[in-house]
Amino acid sequence: MSLDLFDEDDLQQPTRIEQFSTQAFVLRGFALPWVEALLTALERVLHESPFRHMQTPGGFTMSARLSSCGALGWTSSAQGYRYSPVDPLSGMPWPAIPQALLDLAHSAAATAGFEHFVPDACLINAYAPGAKMSLHQDKNERAYTAPIVSISLGLPAMFQFGGFERSDPVQRLSLFHGDVVVWGGVDRLRYHGILPIKPGTHSLLGEQRINITLRKAG
Ligand code: MD3
Ligand code: FE
């Protein structure tokens, strides 16, 4: 007699969900089946709207490079941050959000309990080793009822999430290639950031981390 330890059903791992706050979840490896499609889609988006460094309103240069796709993209200047329907680099509308990203975001949001998520803004951050994102709140979106879905690719990162004041204590969480974070509701306005990326080389993405966030901004 043989035990059927490797039944077909076992080949598709169930989603490992880690709840790190009331309405904040990490879906470990959720994006792995989509990675090839995502990288192909990203290549097309970045050809039209390449990564660029942004200036903060305080006059600093952000260490992560940024691009966007969707009806609204993120822009920043001495005047402040805002969502814009036009890419200031090309003078054209941002590229559409690729279908693979819409599907993944919808499915990840539903898995975390947020039904009917239809994003209209997608920010793409590229971190070289040493790049970071200081503690901040995401509060330029009009709809705080919608969640944000974040996809991590490439080098790992140490994510920080805090409270509702910058000075509140922070918890740390490691994010790896293929992890998807979904947060919304009561956790939507928490301060969060990324510690400086450690040097390394990822087998698919090389010396970088890419983070894709899908939002309902308009
Ligand atoms: C917020 N990006 O683009 S997203 C950003 O990994 C941004 O590039 C980071 O912050 C990045 O605005 C982090 C992931 C995230 C995860 C959990 C959160 C943000 C969160 C929980 C509460 C609030
Ligand atoms: Fe953020």
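This is a predicted model: local features need pLDDT of at least 70, side-chain atom pairs count only at pLDDT 80 or more; totals for chains, interfaces and linings use all residues.
1. Start with the pocket. Ligand 1 sits in the largest pocket. Around ligand 1 there are 18 residues. Asn-125, Tyr-127, Phe-159, Trp-183 and His-192 are the closest of them.

2. Next, the make-up of the shell. Seven of the residues around ligand 1 are nonpolar, six are polar and five are charged.

3. Which strands each supply at least two residues of this shell? They are strand 9 (121-127), strand 10 (133-136), strand 14 (180-183), strand 15 (192-194) and strand 16 (209-215). Strand 16 gives the most, with four residues.

4. Now the polar contacts of the ligand. Tyr-127 places a polar side-chain atom 2.5 Å from an oxygen atom of ligand 1. For Arg-209, the distance from a side-chain N or O atom to a ligand oxygen is 3.0 Å. For Asp-138, a side-chain N or O atom lies 3.3 Å from an oxygen atom of ligand 1.

5. How much of ligand 1 does the protein cover? On its own, ligand 1 has 520 Å² of accessible area, and the protein covers 98% of that.

6. Turn to His-136. This residue belongs to strand 10, and strand 10 is one of the strands that supply at least two residues of the ligand shell. A polar atom in the side chain of His-136 is 3.0 Å from the backbone oxygen of Ser-134.

7. What does His-136 touch beyond its neighbours within four places in sequence? Its contacts there are Arg-190, Tyr-191 and His-192. His-192 is also among the residues closest to ligand 1.

8. Cys-69 and His-136 are 67 residues apart along the chain. Their C-alpha atoms are separated by 21 Å.

Conventions: Residues are numbered from 1 along each chain as its sequence is written. Chains are lettered from A and ligands numbered from 1 in the order in which they are written. Side-chain values use heavy atoms; hydrogens and water are left out. A residue is near a molecule or strand if one of its heavy atoms lies within 4 Å of it. A polar contact is a pair of N or O atoms within 3.5 Å; within protein, one must be able to donate a hydrogen and the other to accept it, and residues adjacent in sequence count only if both atoms are side-chain atoms. Accessible areas come from the Shrake-Rupley method with a 1.4 Å probe; for residues, only the protein chains shown count as cover. On a 1 Å grid over the protein atoms alone, a cavity is a set of points where a 1.4 Å probe fits but cannot get out, and a pocket is an open set with protein on both sides within 12 Å along at least five of seven lines; lining residues have an atom within 4 Å of a point. A molecule sits in a cavity or pocket if more than half of its atoms lie within 2 Å of its grid points. Ala, Val, Leu, Ile, Met, Phe, Trp, Tyr, Cys and Pro count as nonpolar, Asp, Glu, Lys and Arg as charged, and the others, Gly among them, as polar. Contact means heavy atoms within 4.5 Å.
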